[in-house]
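This report is for a reader who has not seen this structure before. Please look at the sequence and the model shown below, then read on.

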Amino acid sequence: MIKSRERQKGFAIGCRSRKFERKGGMNLGIRSLLFGSRHSDRDAALAAFYSGDLARWNDIYRGGGDWRYTRKGGMNGGMRKVASLGAAKAVCAELARLCFTEGSELSCADKETEAFLKRTLDANGFYERFSDFLEKMFALGGGVVKVYWDGGVKLDFVTADCFVPTKWDSRGISGGAFGSAVCENGKDYILAETQELTSEGLVTENRLFRESGGELPLSELYPDMTEKSVIKGLTKPLFVYFRAGAGDLAKCAPLGSSVFAGAEDTLKSLDIVFDSLSREFVLGKKRIIVPSYAVRGEYDSKGELRRYFDVNDEVFEALSTSDTDDLKITDNTAQLRVSEHVDALGELLDLLCMQVGLSEGALSYKSGTIRTATEVISKNSRTYRTTGFYRKMISKGLSRVAENICLLGKMSGELSQGASETATIRFADGICEDEGTKIERAQKLFSNGLISRARAISEIYGISLDEARSMEKEDFNDER
């Protein structure tokens, strides 16, 4: 056990300055300065990952992609912006909703710890902010929840582009750097905080960089901030890395990949079809062919003749012609292909669902936007299995976050030294199960002696436990 004096001595390293605000990730030059020349091959691989894959996923999530602009038609040429369906963001939002919905909560057998966790999480707006964090975590492949002290235990939700791992092994990431953008006197800086486990304990170091690159003395902006501190006795960092999917970066396996990393071609096809649908209404406007005599002309400010057909002209002129076809105005409007486009979008959305682990029909295109289904699923559905996989990862990570909160609570004296540091997450259902699955599960639990008959009745009929006991007494009284 760490002595109280030793804990308090290193406690200031968890503090956070109020002078800066996180705005974006660290540039590559600053990342390389953080690593130095210790692992040049690894640094090169990381630099390629952040400037390549991570930057591309972030761009796609925000509605971009290398297909976002295309060449205009016509003689003038140029580029135009392709209309985006926003499918990447919709997928990440749906996964976040399924995995962590309103009503999910951390619980602990120790009442003191549970009350402290509840106060801390509520004060940090955890349940509202964590859903947004999960959406970005699914998009960028990972994210970090960091615990620090600022007049109380605080939580920082760090996106993948603001975090760089500095130390890891087969068990996970044990060291990392966090970048925060700082604007002071019209100049931009990056404050980089590194946490790394050593034989001495948890070593935290704060360094200041120019946005354009190059390190500065920390005292130039933060004269009261400690450059380097050590908390002795700690065996884990005060941050937890959440990973969306297995990454393909061999030199840094703990980093994850975006859930849509293997579906970028499908996302591109969705935007192409959606853009075509949008332009169908532009190009499918009312078009008519009029006789040349019905076209008027006016000179513009440059002296050039501009011809047009006046739709408001109600005056009919007498013309000398024996061919009545010369007087006709012909409707040349093309037929809109809306149903074909909508069907294509539906097929592509089903393909996207398959690629990201959702069941067919989980996303659909209706009324000009993506809709999510209130899905009725069974244990064998793809959505059910995918949700279960991610929830296990989230549960493990949140248990570690709870441990870090309790650790800082003990260091500050807000939590007694003997209090438990273990907590579990109870997930509220974000998905519906069909009646057959509910009944089958309740029957198996009752048959194996894991729940009472009254509990099984309550689960099957969706009634309270007291009502189920009354039903049991009435229906099974003869068996006793």
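## The largest cavity

In this predicted model, the largest cavity holds about 30 Å³ of space. The count of cavities of 30 Å³ or more comes to one. Rolling a probe the size of a water molecule over the atoms shows where empty space is left.

Which residues line the largest cavity? They are Phe49, Tyr50, Leu54, Leu140, Gly141, Gly142, Ala160, Tyr241, Leu255 and Gly256. Helix 3, which covers residues 40-61, gives the largest share of this lining, with three residues. By residue type, seven of the lining residues are nonpolar and three are polar, while none is charged.

## The largest pocket

The largest pocket has a volume of about 760 Å³. Its lining is made up of 27 residues, and those nearest the centre of the pocket are Arg171, Gly172, Tyr241, Lys396 and Arg400. Tyr241 is also among the residues that line the largest cavity.

Which element gives the most to the lining of the largest pocket? Helix 9 does, with seven residues. The elements that each supply at least two lining residues are strand 6 (163-169), strand 7 (172-184), strand 12 (239-243) and helix 9 (382-412). The lining of the largest pocket divides into 13 nonpolar, six polar and eight charged residues.

## The chain as a whole

The chain contains twelve helices and 21 strands. It has 480 residues, and 43% of them count as buried. Among contacts in the chain with a separation of 6 or more, 64% are between residues 24 or more positions apart.

## Cysteines

How many disulfides does a search of the whole structure find? The search finds zero. A disulfide is a covalent bond between the sulfur atoms of two cysteines.

Cys406 is in no disulfide, and the nearest cysteine sulfur, which belongs to Cys108, is 6.7 Å away.

Is Cys406 buried or exposed? Cys406 is buried, because its relative accessible area is 0% and the cut-off for buried is under 20%. Cys99 also counts as buried, at 0% relative accessibility.

## Thr198

Thr198 is located in strand 8, which covers residues 187-198. With a relative accessibility of 33%, Thr198 counts as partly exposed, because this class lies between the cut-offs of 20% and 50%.

When neighbours within four places in sequence are left aside, Thr198 is in contact with Lys167 and Val203. A polar atom of the Thr198 side chain lies 3.2 Å from the backbone nitrogen of Glu200. Thr198 and Lys232 are 34 residues apart in sequence, and their C-alpha atoms are 9.5 Å apart in space.

## His341

His341 is part of helix 8, which covers residues 338-356. Why does His341 count as buried? The reason is its relative accessibility of 8%, because buried means under 20%.

Which residues does His341 touch, not counting those up to four places away in sequence? They are Val273, Ser276, Leu277 and Glu280.

Conventions. Residues numbered from 1 in each chain as written. Predicted model: local features only at pLDDT ≥ 70, side-chain atom pairs only at ≥ 80, totals over all residues. Heavy atoms only, no water. 1 Å grid on protein atoms, 1.4 Å probe; cavity = no way out; pocket = protein on both sides within 12 Å on 5 of 7 lines; lining within 4 Å. Points joined across faces, edges and corners; volume = space filled by probe spheres on them. Helix = DSSP H or I, 4+ residues; strand = E, 2+ residues; numbered from the N terminus. Nonpolar A, V, L, I, M, F, W, Y, C, P; charged D, E, K, R; others polar. Buried < 20%, exposed > 50% of the residue type's maximum accessible area, 1.4 Å probe, protein only. Contact = heavy atoms within 4.5 Å. Polar contact = N/O pair within 3.5 Å; in protein donor to acceptor, adjacent residues only side chain to side chain. Disulfide = S-S within 2.5 Å.
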